[in-house]
Amino acid sequence: MFSDVGGLEVLTLVIMAIVIFGPDKLPKLIQDSMGFIRKIRSFADNAKEDIRSELGPEFKDFEFEDLHPKTFVRKQLMGGQEDPLGLKDMRDGLDIRSVLDDKPPVNGHGRTGTVSMDKSAAPAAAAASAGTPLQPGERPPFDPDAT
C-alpha cells in the first residue's frame, strides 16, 4: 500500500505530526488510530466469514482476493490447481516460434520488400493476389487500408 513512500517522506510526516499535534497528544492519537484500524479489520473479517457461511460449503476455499481482475486472469491463464477452461493445454500447445519461422525473411531485417505510399502499386497488388510472381523491378503489393 505504501511501497512508494521513502524514508525521507516518513520522517517528514513524523515531524509534521509532532508539530501539529504536539509530543504530549501524539501517543494517544497513535493509540486511538490503531484501535480504529483493529475495529475496521475485525469488521471486515466478520463480514468475510458471514459471506463464506452464506455461500455454503462449496465455496469454503473462496478467497476475496480472487475477485480482483488481475488475480483472476493470472490464476486462469497461468494455471492454478484447476484449469476448467483448458487454457493451460492451449498455452502449452502454442509455439510462437513455429508460427514465426514459417516464412523466412528475404533480407536480413525480417522484411520481404519495401513499402511505399505510391498509388501505382495497385496493379502489382492485383497481380500478386492472382498468384503470379513479381517481375524484376516490380513493387510488391501495398494495401493502404490494411496499414
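This report walks through the salt bridges of a predicted model.

## Ground rules

The model is predicted, with local features needing pLDDT of at least 70 and side-chain atom pairs counting only at pLDDT 80 or more, while totals for chains, interfaces and linings use all residues. Residues are numbered from 1 along each chain as its sequence is written, and side-chain values use heavy atoms, with hydrogens and water left out.

A salt bridge here is a side-chain nitrogen of Lys or Arg within 4 Å of a carboxyl oxygen of Asp or Glu. On that rule, you get 3 salt bridges.

## The Lys-28 pair

Lys-28 and Asp-32 pair up through their side chains, N to O at 3.3 Å. They sit 4 residues apart in helix H2 (residues 26-55), so about one helical turn separates them. Helices are DSSP runs of H or I, at least four residues, numbered from the N terminus.

How exposed are the two ends? Asp-32 is partly exposed at 41% relative accessibility, and Lys-28 is partly exposed at 49%. (Buried is under 20% relative accessible area, exposed over 50%, partly exposed in between, using a 1.4 Å probe and protein chains only.)

## The Arg-52 network

Glu-49, Arg-52 and Glu-63 are linked in a network of salt bridges. Glu-49 meets Arg-52 at 3.3 Å, N to O; being 3 residues apart in helix H2, these two are separated by about one helical turn.

Arg-52 also bridges to Glu-63, with the closest N and O atoms 3.8 Å apart. That pair links distant parts of the chain, 11 residues apart: Arg-52 is in helix H2, and Glu-63 is in the loop between H2 and helix H3 (69-77). Arg-52 is buried at 18% relative accessible area, whereas Glu-49 is partly exposed at 47% and Glu-63 is partly exposed at 37%.
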